[in-house]
Amino acid sequence: MIRVSYGLKLVNRVNMTKFREKIKMFSVNQIAVYHTLLEAYNVVRNSSSEQIHRKWTNIGDKKHSLRSITNNNLKVPVKPKLKCIGFTYNGAKLLNRLPIQTRETTNPETFKTLAKEWIWEKIPSY
C-alpha cells in the first residue's frame, strides 16, 4: 500500500522500515501498542471497564510502602499460560513502562502525543 501511494517499485530496493520512519508512519506492531495504550488509558482514567479497572488497581491492604505503589504502577495480572496473554496483561505492562508524567496526564490529547513519542523511541518498527 505504501509503495503504491508513493510510487515506489520493487526494483528500487527501498527499505520499508527506513521509509516508514522517514514519513513517520507506524508499523503494525507500533499501531497495536498505541491502541492498547489508548484503551488502557481509558480504563484507568475513565473507568471504561470497571472489572479491569478493579483488577489493575486492587493493591490490597499493604502495611508497608512499595515502590510500585509510590510510582502509581498498575497491578499486573499473573500470566497463567503463554497463550493467555491478553489485554489485561499487556495493557498493564505497557502503561507501567510509560514515563510517570505521561501516565499521570489527565488530558487525552496530551497523552496521545506523549505516547506516540514514546512509541517512536522505545518500540521497534519491524
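Predicted model: local features only at pLDDT ≥ 70, side-chain atom pairs only at ≥ 80, totals over all residues.
**Aromatic pairs in the model**

Q: What's the relative accessible area of Phe-87?
A: Phe-87 comes out at 28%, so this residue is partly exposed. Here buried means under 20% relative accessible area, exposed over 50%, and partly exposed in between (1.4 Å probe, protein chains only).

Q: Ok, rings. How many aromatic pairs are there?
A: There are 4. One of them is Phe-26 with Trp-120, tilted, at 5.1 Å centre to centre and 50 degrees between the planes. Phe-26 sits in the loop between helix H2 (16-22) and helix H3 (28-46), and Trp-120 in helix H8 (residues 108-122), 94 residues apart.

Q: What's the rule for a pair?
A: Ring centres of Phe, Tyr or Trp (its six-membered ring) within 6.5 Å; planes under 30 degrees apart are stacked, over 60 edge-to-face, the rest tilted. Helices (H or I) are DSSP runs of at least four residues, numbered from the N terminus.

Q: And is Phe-26 buried or exposed?
A: Phe-26 counts as buried at 16%, while Trp-120 is partly exposed at 25%.

Q: Which charged residue lies over the face of Trp-120?
A: Lys-24, at 4.9 Å from the ring centre. The test is NZ of Lys or CZ of Arg within 6 Å of the centre and within 35 degrees of the ring normal.

Definitions and conventions: Residues numbered from 1 in each chain as written. Heavy atoms only, no water. Helix = DSSP H or I, 4+ residues; strand = E, 2+ residues; numbered from the N terminus.
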